[in-house]
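Student: I've got a structure open and I'd like to talk through its charged side chains. Can you walk me through them?

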Amino acid sequence: MNTLDDTFSALADPTRRAILARLAQGDATVGELAAPFDISLPAISRHLKVLEQASLISNEREGKHRRCRLNRAALAGAAEWIEFHRRFWSGSFDRLDARLKAENEEPKP
């Protein structure tokens, strides 16, 4: 089961974010995903496992290769959480700004 914590934990690593960015352009084999990185294939496989456990990607075997695919819907929960908090904090800061401006405009005794 994918949780918001799993999603954000997976997104916390720059290598995994780069892998997701590559998969946003289309499906890729593990070898294609590993090519731009100066790390071992087992390290890439561990990154892919974290992404798969967070339901951010899926992979299937095609002959000798594993092809990975981005699961765009899995990011929806994180996007909703971020948007809710963006609206909350934006509204809070707008109210604070209005309050401070009103206080500064009040005549001093």
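Student: Which residue forms a salt bridge with E62?

Tutor: Keep in mind that this is a predicted model. A salt bridge calls for a Lys or Arg side-chain nitrogen within 4 Å of an Asp or Glu carboxyl oxygen. For E62, the closest N and O atoms of the pair are 3.1 Å apart, and the partner is R67.

Student: Is E62 buried, partly exposed or exposed?

Tutor: Buried would need under 20% relative accessible area, and exposed would need over 50%. E62 comes out at 39%, so the label is partly exposed.

Student: And what is the relative accessibility of R67?

Tutor: The buried class stops at under 20%. R67 counts as partly exposed, with a relative accessibility of 22%.

Student: How many salt bridges does the structure hold?

Tutor: Side chains of opposite charge can pair when their charged atoms come close. The R67 and E62 pair is a salt bridge. For the structure, the count is 5.

Student: How many residues apart in sequence are the parts that D27 and R69 tie together?

Tutor: The side chains of D27 and R69 meet in a salt bridge, 2.7 Å from N to O. D27 sits in the loop between α2 (14-23) and β1 (28-29), while R69 belongs to strand β3 (residues 65-70), so the pair ties together parts whose separation in sequence is 42 residues.

Student: Which helix holds both E83 and R87?

Tutor: Their side chains meet in a salt bridge, at 3.5 Å from N to O. The two residues are 4 apart, about one turn of the helix, and that helix is α5 (residues 76-105).

Student: Away from the charges, what is the phi of S55 near?

Tutor: S55 lies in the loop between α4 (41-53) and β2 (57-62). S55 counts as partly exposed, at 27% relative accessibility. The phi is positive in this residue, which is other than glycine, and the value is near 65°.

Technical notes. Residues are numbered from 1 along each chain as its sequence is written. This is a predicted model: local features need pLDDT of at least 70, side-chain atom pairs count only at pLDDT 80 or more; totals for chains, interfaces and linings use all residues. Side-chain values use heavy atoms; hydrogens and water are left out. Buried means under 20% relative accessible area, exposed over 50%, partly exposed in between (1.4 Å probe, protein chains only).
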